[in-house]
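Hi everyone, thanks for coming. Let me put the sequence and structure up on the screen, and then we can walk through a few spots together.

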Amino acid sequence: MIGTPNRKKRFEIVHELPKRIRLKSLILLAPDLDLNYLQASVESLQGVKSVRINGPAFSIAVEYDGSREVRASILATLDFIPKEAFLKGAEREHGVDLIEVGARTAAAAATPLLPLPVQAATSWMLGIPGIVEGLETLFTRGVKIEVLDGTVKALSLLRGDYFTSNSVGALLSLGEYLEDQSEQKSTDLLKTLLKPQVEKIWIEKDGREIEIDFNDLQVGDIVVCGSGELIPIEGTVVEGEGSVNQSSITGESVPVHFQPGDATLSGAVVEEGTLKIRADKVGSETGMARINRYLESSLRSQSKNQIQSAELADKLVPLTFGAGLGVYALTGDLARAASVLTVDYSCAIKLSTPVATRTSMYTASQSGVLLKGGQALDNLAAVDTIVFDKTGTLTKGELIVTDIVPMPLYEEEELLSIAAGAEEHYGHPVAKAVVNEARNRKIELPEVSGVDFIVAHGVSAYVDGKRVLVGSEHFVAEDEHVDCSYMEKKARQLRNAGKNLLFVAMDGELIGVIAMRDELRPEALEALEAFKAAGIKRIEILTGDHRSTALALAAQLPPVDAVHWELKPEDKANIVKELKDGGAKVAFAGDGVNDTPALVCADVGICMPSGADLARESAQVVMLNEDMLTLVEAHRIALTNRETLSNCLWSAVVINSATLLLAGMGKISTLAAAMSHNLSTVGILGYAAMKTSSAGQKASQSAKEIN
């Protein structure tokens, strides 16, 4: 037994062409090295076209674009294989190649034409490896499929039925090859998602700003982020000041003032100003690297369904073995016993689950939803209750102006012009809504000076020499002591309609109120109705907004069964927990750090594409685009996967039971039983792949239409 080598071991280059490199290392023989994981890691490198690993020959061949940078990345990746690529207790399985299948088939076909001594020698030579493997398996792992196969070959050889022995061997090789191909195809589909998108960022180097690939970013580089740009890293501000919107991270819509020394989180947006940020975390800590790890983990992770299927398959093998022994004890017929032993339930049951699951995960990703492993797929299918955080999930998270209510002696356009002038340089979503409305109406904005942003309150500025206040009622009425009683009744009506209010005062007097609302996603109602039609029993909404806003939203969404308002992050998690304690299978959809407790607590955590890093890490399901209908499609794919697995299980049981019964009665030969078993297994695997793949065709088409 070869032990696990040191993970840090340089590969030796044995052959190289301009766009192809082949390397060798004994590390590839390590029994606990996950070759799928290693292959996915190399394939995820930008510029790599294909990767082939030959475990027994301890070699890896990589085709790439020929650039020196990509070649260096390949070598660097192989120089240090991460510890997560090694699995404790992993069993290394070497598949059958097409050459072996062809050789065994040719030998079986030629057997009747050979002299008897040559038949015997050839058959024993071909059969002994399988018999030895069966004996080794029996003493190390118990009665498994290798024991059945080895016993069938041994019985046929002892009876002198060399043609049957060789034919069964050829069928087993062909079946194993086709099974490997089916599973590998589903794995390859999933791994195609590992190719990263090219992202460019600006960094400051030698006094100049240059654009580089995000993947080339190094710790210590100074990243330049201007107004309206996403902060792509976790780092520290070293120069500049600005207003940063962290709503997708903290759930708080009020921008935060950043200055040198402040730490940034990736996913925040610079609303105003320019920040120069020192990169503190890059490489494996980047968002793209994390998505790749999700997918790489998906290649190896097993859901409860997969584990249960494997356990069931293993339990059925001894039953088949016992049935074969029983038939021989009752009839004394070795041929009939061998026929029974060719029937194996485990192949179709054990292999159909990963094939269907990986294909389903691929089709879900193509439709716009990333599932972190087979368990996420199983959990999504079992959900009967969905809980949505309101902001940024069912709503766009973008405010629009709905009402402009000026005081007497003022006109709507005049009020809007003054408010927009004061708010023009403020990056808050409320300010954006006011300025956008003024621009849409083609209103000329006044000259503004002395602008002062008061965090969580509003703006103070001078317009035409007069001091203007724009902000919450608390800021204008209580902090600045402006009389707002005239608008009290109207303000109450607007709030009851679910609108947020902006009070505007000039020179100590209220001049009007501007109302706005977070717009509902256009597809939200359709998505909720589709969930109800798909069997979701209960839909609830959670929000930190006040009661009137929450109820106004719920009124627009008839499928909603309950709405909860003025909640803290821990309140959201408690509501999810209460639903689970009541027996519900709960999915929670959110996007901020404040949603993380609920995401973790739910049976399925769903994160929106603009979600904070912590939310994306915590969720089992990550949406890749903003349309809620893609989540509906992913749920449908999960349901189809569950149905497919059930059909595969019962098909395997029924077909193999019928074959076993016929074999036990002596109605079919050993060769016919072997053909029935192998063909049914391949057929079931084909059904699993086709059914789950076709389930995603509609979803993929929907995603294309959305984009």
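Predicted model: local features only at pLDDT ≥ 70, side-chain atom pairs only at ≥ 80, totals over all residues.

First, the ground rules. Residues are numbered from 1 along each chain as its sequence is written, and side-chain values use heavy atoms, with hydrogens and water left out.

Let's begin with strands. When I say helix or strand, I mean a DSSP run, H or I of at least four residues for helices and E of at least two for strands, numbered from the N terminus. Two strands pair if DSSP finds at least two bridges between them. The link from E1 to E2 is a hairpin through 2 residues.

Now move along to strand E20, residues 500–506. Here 6 of the 7 residues are buried, where buried means under 20% relative accessible area, exposed over 50%, and partly exposed in between, with a 1.4 Å probe and protein chains only. Strand E19, residues 466–471, is joined to E20 by 4 bridges, and Leu469 stands opposite Ala505. Strand E21, residues 509–520, pairs with E20 over 7 bridges, with Val504 opposite Gly512. E20 and E21 form a hairpin with 2 residues between them, and Asp507 in the turn has a positive phi of about 50 degrees.

On that theme, what is phi at Asp206? It is near 55 degrees, a positive value in a residue other than glycine. Asp206 lies in the loop between strands E5 (200–205) and E6 (208–213), and Asp206 is exposed, at 76% relative accessibility. Lys442 also has a positive phi, of about 60 degrees, although it is not a glycine. Look for Lys442 in the loop between helix H15 (429–440) and strand E17 (448–454); at 74% relative accessibility, Lys442 is exposed.

Next, please find Asp627, in the loop between strand E26 (621–623) and helix H23 (629–664). Asp627 is buried yet has no salt bridge, meaning a side-chain nitrogen of Lys or Arg within 4 Å of a carboxyl oxygen of Asp or Glu. How far away is the nearest side chain of opposite charge? That is Arg521, at 7.6 Å, with Lys and Arg counted as positive, Asp and Glu as negative, and His and the chain ends not counted. A polar atom of the Asp627 side chain does lie 2.7 Å from the backbone nitrogen of Leu629.

Last stop, the surface. Trp124, Ile128, Val132 and Leu158 form a nonpolar patch with about 380 Å² of accessible area together. Areas come from the Shrake-Rupley method with a 1.4 Å probe, and for residues only the protein chains shown count as cover. Patches take residues with over 30% relative accessible area and no salt bridge, joining like charges within 9 Å and nonpolar side chains (Val, Leu, Ile, Met, Phe, Trp, Tyr) within 5 Å. Helix H4, residues 116–140, gives the most to this patch, with 3 residues. Ile128 lies in H4 and is partly exposed, at 41% relative accessible area.

Terms used. Polar contact = N/O pair within 3.5 Å; in protein donor to acceptor, adjacent residues only side chain to side chain.
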